[in-house]
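Subject: Structure handover

Hello,

The structure is below. My notes on the ligand site and the salt bridges follow.

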Amino acid sequence: MTISNNSTIELRGVSKSYQRGKSKVPIFDELTMTIEDGDFVAIMGPSGSGKSTILNLIGGIDTIDAGAISVGGTVLGNMNESALTRWRSNHVGFVFQFYNLMPMLSAAENVELPLLLTSLSRSERKKRVETILEIVGLTERARHLPSELSGGQQQRVGIARAVAADPQILLCDEPTGDLDRKSANEILELLQLLNTKLNKTIIMVTHDESSTAYAKRTLFLDKGRFIQQEMNQCA
Amino acid sequence: MRVGSTMLVRQNLTRKLSRSILLVICIGIAFFVFGVLSSFRAGFEGSEANSERLVVASKIGGNETLPLRYFQQLGGMDEIAEVTHVTRLRAHTAGNERNIIGANAVDAQSYASVYADTYDFNAEIMQAFQADRTATLVGRQLAEREGWAVGDRVNLTSFVHMTQDASRDWSFVIAGLLDGAEPTVDTNFLIVRYDYFNAALLRNQDQVNLFGIKPAVGTDINVLAETIDMTFANSTAQTRTQSETAFMSAFLEQFADVALIVKLIVSVSFGTILLIVANTMIFAIRERTLEIGVLKVLGFSGSSIMRIILTETLVLFAAGLALGFALTAAVIPVLGDALSSVVPDLYLTPKVVATSVGLAVVFAVLTGFLPAIKALRLPVATALNHR
Ligand SMILES: Nc1ncnc2c1ncn2[C@@H]1O[C@H](COP(=O)(O)OP(=O)(O)O)[C@@H](O)[C@H]1O
Ligand SMILES: [Mg+2]
């Protein structure tokens, strides 16, 4: 296993529980898995099985009770919150079910947001935003507000924002959960494109069996364990 | 790390534009109210009353007179460095009974020396004043208010004093404009020459309203006040001698309760308005919990998010403050004219401005900081589930 210039995600004996009232509710117990660079993993499982929690843990926005998570050799648990925040802006992009775009910013400005944290100049940022909007097919809509876009278009802005700062890993939490079939397929094709052409590692939580066809493999999560794994044929 | 946060500040201020505008108006009114009140107080405190000077008036009341001959008697006392006398014309501009003008007949030389610290009696205006018996020196504020210039004729009608042709009309020529030694000094009055006024009077000649006294260096003014009143205790016209400050505050006392009530009302409304603003800001920021979570996911640090929110509240308060100052600046001259007989001078002092700016910064930081710190402390995962 190479250390440098790779972003292999490793979970080793990860335990996580939430406090609910007086009792502790375990979500994961000694969970171990590896996701290689350039993988496209779909995660399925019943509601409340911990799918979102896994994404949050890998993205460093939630913390584990025991075990270790490392990404490309960097152990997340060793970083304090501000280091983790900085790390996240460089390595991970999040895509949400309800897009979570800034309602008063145009599509282009939403995509530019993560670039504000980079050392790019204003004109470099504009150029990057243009390129990315072209990739997601929204050049014409650059100046539109989210409210002026369809759900599918908003999600494409969401994906554009997630990849703007060029992170290796994309964490997508039910990215098509709020979309009709046709828009959903377009989004899934876009993710697949990012995976195959740009070699992004993608972890995608989904409720929808047919979505898993776009991933390289599917993990089924239940009661804090991966109970099954399916390999898909590459499309 | 460079954070181009302007676009985030802008989106927050414009997302509910009418709310932002209402907040700015609220803050503006609060500071308007504060500005006027503070100027009102500064007007009371900043009047030209001087605790080192004495005022001798009739023991009976403000409108009673004292004989002019006391002038010589007072002038002969060792403890008195300078003495002058003042007689109120009690007049309005000809044809307009409501436009009351503060007009005093004075002895030019002694008046200028007693009040040398308070007004700027330069050689030029003194010469002009003395060159013409019908001359008047008009305070600059009064001249500006009435639109008068040097050389103009001022026609006044007295409520009480008649000239020898049994008319109550008096006419003077403006010989010069009188400035205060400092900007807070009220110059909303004019002075005319007592020698001319007295000679032209039909009756009540050789009577004055007040004597102004500058005690000799090292004199105990309380002892001197007693000595003066003792001196005239057995005369027909008894005196009441007070420090100028005491005299002024006795005069203002009738308004003091009103001032206190005004102050209370104003403080309460200022406080209430700012509480409303703070409350609205707290809600506006709480509304954004999810967005703050998203920004953190994108990699914005807590401090950069805090900076964005504080900038936003600072912009709101700065706009409100500007509005408040504009209103205050617009209203004070009008109010000052209307209240010139009550409050000697209404004036937006640098101190009031500085206090307002300070308060605005404190409130902006508090109303932004408290809800922001709460939103930032929330774990990102929790914030993301907030909608
Ligand atoms: N911040 C939290 N505090 C307490 N319990 C939580 C929190 N986040 C998630 N949970 C609980 O953990 C379990 C897994 O949640 P989640 O990962 O969101 O499930 P999924 O995405 O698979 O539906 C659920 O029972 C949920 O209620
Ligand atoms: Mg979930």
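A pocket, on a 1 Å grid over the protein atoms alone, is an open set of points where a 1.4 Å probe fits, with protein on both sides within 12 Å along at least five of seven lines. A molecule sits in one if more than half of its atoms lie within 2 Å of its grid points. By that test, ligand 1 is in the second largest pocket.

This is a predicted model: local features need pLDDT of at least 70, side-chain atom pairs count only at pLDDT 80 or more, and totals for chains, interfaces and linings use all residues. Residues are numbered from 1 along each chain as written, chains are lettered from A and ligands numbered from 1 in written order, and side-chain values use heavy atoms, without hydrogens or water.

The shell around ligand 1 (residues with a heavy atom within 4 Å) includes A:Tyr18, A:Arg20, A:Ile27 and A:Lys51. α1(A) gives the largest share, three residues. Helices (H or I, at least four residues) and strands (E, at least two) are DSSP runs, numbered from the N terminus.

Polar contacts (N or O pairs within 3.5 Å) reach oxygen atoms of ligand 1:
- A:Thr53, polar side-chain atom, 2.5 Å
- A:Ser52, polar side-chain atom, 2.8 Å
- A:Ser49, backbone N or O atom, 3.3 Å

The protein covers 69% of the ligand's own 560 Å² of accessible area (Shrake-Rupley, 1.4 Å probe).

A:Lys16 pairs with A:Asp62, closest N and O atoms 3.2 Å apart. A:Lys16 is in β1 and A:Asp62 in the loop between α1 and β4 of chain A, so the bridge ties together parts 46 residues apart in sequence.

Best regards

Technical notes. Polar contact = N/O pair within 3.5 Å; in protein donor to acceptor, adjacent residues only side chain to side chain. 1 Å grid on protein atoms, 1.4 Å probe; cavity = no way out; pocket = protein on both sides within 12 Å on 5 of 7 lines; lining within 4 Å. Salt bridge = Lys/Arg side-chain N within 4 Å of Asp/Glu carboxyl O.
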